[in-house]
Amino acid sequence: MTRKFQGKIELDVRDSVADWDAFLPTPAPTDAPNVLVVLYDDTGMASWSPYGGRINMPTLDRLASGGLTYSQWHTTALCSPTRSTFLTGRNHHLNGFATISESSTGFPGYNSHIPDSNVTMAHLLRDAGWSTFWVGKNHNVPIDEWTAGASKKHWPLAQGYDRFYGFIGGETNNWYPSLAEDNHYIDQPYLPEDGYHLSKDLADQALKMIRDVKQTDPEKPWYLWFCPGANHAPHHAPEEYIAKYRGVFDDGYEAYREWVLARMKEKGIVPADTELTPLNPMPTGTFSPTDEVRPWGELDAEERAMFSRMAEVFAGFSEYTDAQVGRIVDYLEESGQLDNTLIIYCADNGASGEGSPNGSVNEGKIFGGYPDDEAENLRMVDKLGSPDTYNHYPTGWAAAFSTPYKMFKRYTYQGGVADPMVIHWPAGIAASGEVRHQYHHSTDIVPTILDACGVEFPEVYAGVQQTPLSGVSMTPSFDAAPDAPSTKKTQYYEMFGQRGIWHEGWKAVTVHGPVSGKGDFPGDEWELFHTDVDRAEATNLAQDHPEKLAALKDLWLQEARTNEVLPLNDLQIIGNPKDYETFLAMEFHQPAPPSGQFVYYPGTSEVPERSAANVHGVSYKIAAEVELTPESEGVIFANGSRFGGHALVIKDGQLHYVYNFLGIPPEDRISAPVPQSGAHILGVEFTKEGMGEYREGVGPLKLFIDDQLVAEQRIRTVLGHFSLCGEGLTIGRDSADPVSSLYGYGFDFTGGTIARVVFDIADDAYLDLEAHLAAAMARD
């Protein structure tokens with residue numbers, strides 16, 4: 001922070017004394033550490049080699065051998081919420097991140113807008129003399145700020161980061177990512193056929209940022225938050241890394257659980273008497289059926305081969321990304337920075353069960369509320385991990401990679417919240433190659449880094465009274481005995497309606513699965529576990545200690561009120577059409593103009609799907625005003641990718657409107673000869689006449705050239721979204737992975753002029769949520 005001017009000012013500069021230090025940033029303390037936080041996605045504790053898993057992580061192994069491996073470090077069970085705690089050190093509901101950005105709603109704990117009273121760690125470190133960088137996934141921009149014209153208040157640069165390079169939202173295609181740099185969207189620098197993969201690109205950018213600082217200010221420390229797309233779906237990796245795991249998982253996920261638990265005990269990760277919990281531990285009706293695990297013995301040979309291949313791809317993805325982190329670590333060693341760099345290498349929640357019992361070759365179907373087709377999956381088994389798939393393994397592997405715990409991501413049982421974490425800092429930690437068993441949580445990361453860097457947390461920042469940190473520093477554990485008491489005493493949990501509370505070695509959890517649609521929260525059964533001796537939460541002691549359980553339930557409610565946890569939301573968005581519609585109605589929607597018309601222009605930034613005209617579950621018209629020549633060809637507009645979307649295209653003298661329904665072949669394609677010259681209006685009209693079995697819109701699609709109907713056919717349209725994030729609406733081009741097999745990457749419109757493209761949803765315009773829901777469902 002700058003200080004008050006201490007020079008001298010007279011009428012004549014010759015008689016005055018300058019004071020440059022009053023205007024220059026305060027330098028960091030001498031020998032202050034660099035900080036590198038590597039945050040993976042969707043990784044259960046039993047996945048990686050330092051914890052006994054079969055996924056080889058050479059870089060992480062190296063750091064673990066020279067640092068500390070934590071056996072009781074916890075997260076919130078979901079991406080955005082955990083990442084918000086890394087930003088501020090406050091509990092996720094206090095940050096407005098009860099859930100992911102894409103499913104935020106208009107309640108204090110759920111709105112995804114971090115308040116000014118929760119200053120970020122990056123602000124504090126930058127003010128104290130650190131360079132601050134964020135590379136990779138950013139899942140903490142509110143959904144209403146995704147567009148080019150929106151406020152950038154919650155983008156990284158405004159959150160205290162000097163530089164940002166990565167993607168906005170929960171996931172992206174690793175071969176064709178939707179990228180942003182600093183405060184704007186960009187195209188990827190090169191293509192997969194030229195060697196592109198997101199993990200490699202992110203490491204390249206991280207190295208460039210660090211080197212830029214060191215060549216101009218060698219003594220200045222830096223903080224880098226490195227957030228790869230791994231291990232979130234889609235699981236994409238170079239074939240040579242996938243091939244390393246050929247046959248490694250052929251024994252199946254139940255055998256893996258037995259094998260890895262023995263290894264975890266051998267490594268001292270869990271106590272020797274830790275029990276293996278059941279594969280399907282929850283009673284029927286208390287959790288979503290899409291989270292069930294199919295026993296390996298009930299699978300046929302084709303299914304086993306496909307499920308094994310899905311695990312191989314996941315493992316290859318993880319190791320390939322670890323190799324990219326290794327490039328950063330190698331540079332730190334070569335440049336003499338490694339010993340005084342505090343490295344925290346971890347994951348944001350448990351293994352993901354979002355692939356359903358059968359896995360998926362196109363995870364986008366989940367967001368479209370449409371079931372997977374196992375026969376289609378089997379046809380694509382040899383393409384898993386390539387640009388042709390958007391794949392995710394089945395729930396069985398989520399359970400296996402979360403061994404020995406119950407369930408996985410989204411659950412507040414250990415399977416969702418217990419995660420791997422290694423800390424390496426030779427200059428600050430005397431111990432090496434040891435395991436630490438102190439109980440900690442993701443809210444403890446910010447206090448730990450501030451403590452290690454000698455930076456004080458302020459009571460007031462930028463004139464705003466600050467909410468106290470929710471976490472505690474982990475530095476007492478650095479050189480303590482492995483089993484020394486934890487400095488943390490209490491941590492509540494809540495995710496999609498499932499509740500939990502840990503306090504001084506005991507934990508209570510509701511038998512109420514997330515997104516289960518169960519409701520009736522007052523009637524929930526609570527389980528009680530003594531986690532100091534029962535790490536796996538295998539033995540329910542609720543009947544043995546009713547007073548202890550009652551006290552923990554009261555403590556949960558107290559924590560919930562303090563941290564803005566209510567109201568609870570367990571809407572079952574998959575398999576429950578009514579809940580899905582209720583959820584869609586609560587989402588953020590770009591308000592429609594009174595006319596119901598959205599106007600878009602060429603030469604502009606991609607418009608995120610959730611801020612574009614909503615063509616899902618409603619009737620719509622699209623009209624493009626163009627000036628054509630005999631050479632005209634290319635994309636007039638596109639939204640989505642090969643895994644779902646729609647586009648208007650001119651190719652080979654034909655006008656084509658393509659509706660790609662969730663990547664399921666064949667594409668719906670309606671075509672007609674295009675005029676060769678002059679000003680024309682090219683348009684389509686879809687009229688929703690009813691709904692299909694899975695609430696998809698059904699009705700006639702008409703193709704127009706000027707006022708002439710030139711083609712017509714019936715199609716079906718997606719109720720939900722083409723993608724979770726990215727792959728937005730573009731005019732005159734397709735932003736990344738092409739919507740249609742008609743054309744390849746970069747098929748920009750040429751040989752003519754696009755004046756504008758108008759999307760008209762006036763018949764179904766949602767001027768407010770109630771009106772939108774009524775309009776969308778009017779043709780049931």
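Reply: The count of salt bridges comes to 39, in what is a predicted model. One of them joins the side chains of K208 and D212, with 3.5 Å from N to O. Both residues belong to helix 4 (residues 198–216), and because they are four residues apart there, about one helical turn separates them. Another salt bridge pairs E527 with K406, and here the closest N and O atoms are 3.7 Å apart.

Between domain 1 and domain 2 the count is one salt bridge.

On the side of domain 1 that touches domain 2, the elements giving two or more residues are strand 2 (68–74), helix 8 (364–367), helix 11 (414–417) and strand 14 (490–495). Of these, strand 14 gives the most, namely four residues. By class, this side of domain 1 is made up of 25 nonpolar, 24 polar and five charged residues.

The extent of the contact can be stated in residues and in area. In residues, 54 from domain 1 are in contact with 43 from domain 2. In area, the two domains bury about 4,000 Å² between them, and carbon and sulfur atoms account for 57% of that area.

V515 is not a glycine, yet its phi is positive, at about 45°. This residue sits in the loop between strand 16 (506–510) and strand 17 (526–530). The peptide bond from L566 to P567 is cis, its omega being near 5°; P567 is placed in the loop between helix 13 (546–562) and helix 14 (577–586). A further cis peptide bond runs from P665 to P666, with omega near -5°, and P666 belongs to the loop between strand 21 (654–660) and strand 22 (668–673).

Turning to the chain as a whole, the protein has 15 helices and 28 strands. Its radius of gyration is 27 Å, close to the 28 Å given by the globule rule for 780 residues, so the chain is as compact as a globular protein of that length. Along the principal axes, the C-alpha trace spans about 85 × 80 × 50 Å.

Notes. Residues numbered from 1 in each chain as written. Predicted model: local features only at pLDDT ≥ 70, side-chain atom pairs only at ≥ 80, totals over all residues. Heavy atoms only, no water. Contact = heavy atoms within 4.5 Å. Buried area = accessible area lost by both parts, 1.4 Å probe. Salt bridge = Lys/Arg side-chain N within 4 Å of Asp/Glu carboxyl O. Nonpolar A, V, L, I, M, F, W, Y, C, P; charged D, E, K, R; others polar. Rg over C-alpha atoms; globule rule 2.2 N^0.38 Å.
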